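Subject: Structure handover and findings

Hello,

Here is the structure to take over from me. My notes on it follow below.

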Amino acid sequence: MPLAARDPRLAAALLRYVLRLGDTSLVLGQRLGAWVGHAPALEEDLGLANLALDLIGQARLLLTYAGELEGRGRDEDALAFLRDAPAFANLTLAEQPNQDFGHTIVRQWLIDSWQLELYQALSLSADARLAAIAAKSLKETRYHYRFSSGWLVRLGDGTDESRRRVQESLDDLWRFSGELFAADEVDEQMQAAAVGPDLASLAAPWSARVDEDLRQASLRRPPAQPYPWHGKRGVHTEHLSHLLAEMQHLQRAYPDARW
Amino acid sequence: MSNDWPLFEVFIRSRAGLEHKHVGSLHAADARMAIEHARDVYTRRQEGVSIWVVPSAQIIASDPGEAEALFEPARDKVYRHPTFYDIPDEVKNL
């Protein structure tokens, strides 16, 4: 870990940075997993579960790395199952609860199109471990985006009801999209160390991609909104605690339980 | 919901150089979704490197009721099987 060796402040920022990425994938994967058995068709059930497994796979790599950076002996499981909500650093968007299928698609599409830009940039990271994880995740994300953007267009361009409902979901979730590109001191330190990209610079290509999809889907882009949520700083909506209660119950009730 | 979607037949090529083989069918609203479903349903364990999907309605099949007329006439023509030749020992791969 040359970065950590150089500067302990940088090391702390890198740990936080990796946790944010890992937690976002973990929480979104958990949300998608809850669709298993409930999706509108068997094939979609499998499709969402596949996305969930990819995301949880990303989370495992990232949280394992975070545990090593932290150096306090916590592994991926300790970080996933034994932290409380304020210690989670996922994007607020990822923790928003499942509603109808179209709502899940909008949430997924917003994050997929963001991860597409982010992982592309991170695959060139000065941190070799992060670059390798990003390169692997990028391949998965390309498929996720294909899946979610396809559905967005299908629903937006579908029946009157499907368009109305997916537009409502978009209007509901759009307020969380500001957080995707809002850099704080952690992002700035990572950018200065060539570990991470300038987050704001990802906004333009993301926006262009999003606009093109919305055009194809005949959907309206909601106006930009200020956002009071800062999931990546540990300030979450109430929904994360409920998600964690379910996700962590087994490990909390039966510590170190084995399959 | 999926019952409203048309049926597609799925063909998977397991390795480069091999032919696509019929592996099953699935419902999808359109061709793109059919490819995605086929990927999720039939290639989860690295079964393939290429997928074809064909709308089932586009497949023209022989009529089982005509099976006798179509296939019985071949039954008494065993001489069409190349089993009446002595194979020289030098021929290894036949």
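Two residues are in contact if their C-beta atoms, placed from the backbone, lie within 7 Å. On that criterion, the contact takes 10 residues from chain A and 12 residues from chain B. On the side of chain A that touches chain B, the elements giving two or more residues are helix H3 (42-70) and helix H7 (128-156) of chain A. H3(A) gives the most to that side, with five residues. By class, the residues of the side of chain A that touches chain B are five nonpolar, three polar and two charged. Please keep in mind that this is a predicted model.

Two packed helices are described by the angle between their axes and the distance between the axes.

Helix H6 (residues 101-122) of chain A and helix H10 (residues 199-216) of chain A have axes that come within 9 Å and cross at roughly 140 degrees. That angle makes H6(A) oblique to H10(A). The crossing in which H6(A) passes H10(A) is right-handed. From H6(A), the residues A:Ser113, A:Trp114, A:Glu117, A:Leu118 and A:Ala121 meet A:Leu202, A:Pro205, A:Trp206, A:Arg209 and A:Val210 in H10(A). The contact of H6(A) with H10(A) has seven nonpolar, one polar and two charged residues.

H7(A) packs with helix H8 (residues 160-173) of chain A at an angle of about 125 degrees, and their axes are 7 Å apart. H7(A) and H8(A) are therefore oblique to each other. In this pair, A:Leu152, A:Leu155 and A:Gly156 in H7(A) meet A:Ser162, A:Arg163 and A:Val166 in H8(A). The contact of H7(A) with H8(A) divides into three nonpolar residues, two polar and one charged.

The axes of H2(A) and H9(A) come within 9 Å, crossing at roughly 115 degrees. H2(A) and H9(A) are therefore roughly perpendicular to each other. Their crossing is left-handed. H2(A) makes the contact through A:Leu10, A:Ala13, A:Leu14, A:Arg16 and A:Tyr17, and H9(A) through A:Val186, A:Gln189 and A:Met190. Six nonpolar residues, one polar and one charged make up the contact of H2(A) with H9(A).

Cores and burial

The largest nonpolar core has 63 residues, of which A:Leu14, A:Tyr17, A:Val18, A:Leu62, A:Ala66 and A:Leu152 touch the most other members. A second, separate core has 10 residues, including B:Phe8, B:Val10, B:Ala28 and B:Ile51.

A:Leu15 lies in helix H2 (residues 8-33) of chain A. A residue is buried if 20 or more other C-beta atoms lie within 10 Å of its own, and A:Leu15 counts as buried because it has 20 C-beta neighbours inside 10 Å. Leaving aside its neighbours within four places in sequence, A:Leu15 is in contact with A:Ala66, A:Leu69 and A:Glu70. A:Leu15 and A:Leu173 are 158 residues apart along the chain, and their C-alpha atoms are separated by 28 Å.

A:Ala132 has its place in helix H7 of chain A. With 15 other C-beta atoms within 10 Å, A:Ala132 is partly exposed. From A:Ala132 to A:Glu70 is 62 residues in sequence and 19 Å in space, C-alpha to C-alpha.

Backbone points to check

Most residues other than glycine have a negative phi.

A:Ala194 has a phi near 60 degrees, a positive value in a residue other than glycine. A:Ala194 is found in the loop between helix H9 (185-192) and H10 of chain A. A:Ala194 counts as exposed because it has 12 C-beta neighbours inside 10 Å.

The phi of B:Gln46 is also positive, near 60 degrees. B:Gln46 lies in the loop between helix H1 (31-42) and strand E3 (50-55) of chain B. With 7 C-beta neighbours inside 10 Å, B:Gln46 counts as exposed.

Regards

How values were computed. Residues are numbered from 1 along each chain as its sequence is written. Chains are lettered from A and ligands numbered from 1 in the order in which they are written. This is a predicted model: local features need pLDDT of at least 70, side-chain atom pairs count only at pLDDT 80 or more; totals for chains, interfaces and linings use all residues. Axes are lines fitted to C-alpha atoms, for helices over the stretch in contact, and angles run from 0 to 180 degrees between N-to-C directions. Helices (H or I, at least four residues) and strands (E, at least two) are DSSP runs, numbered from the N terminus. Angles under 35 degrees count as roughly parallel, over 145 as roughly antiparallel, 65 to 115 as roughly perpendicular and the rest as oblique. A crossing is left-handed if the near helix is turned anticlockwise from the far one by less than a right angle, and right-handed if clockwise. Ala, Val, Leu, Ile, Met, Phe, Trp, Tyr, Cys and Pro count as nonpolar, Asp, Glu, Lys and Arg as charged, and the others, Gly among them, as polar. A nonpolar core is a set of buried Ala, Val, Leu, Ile, Met, Phe, Trp, Tyr and Cys residues joined through C-beta atoms within 7 Å.
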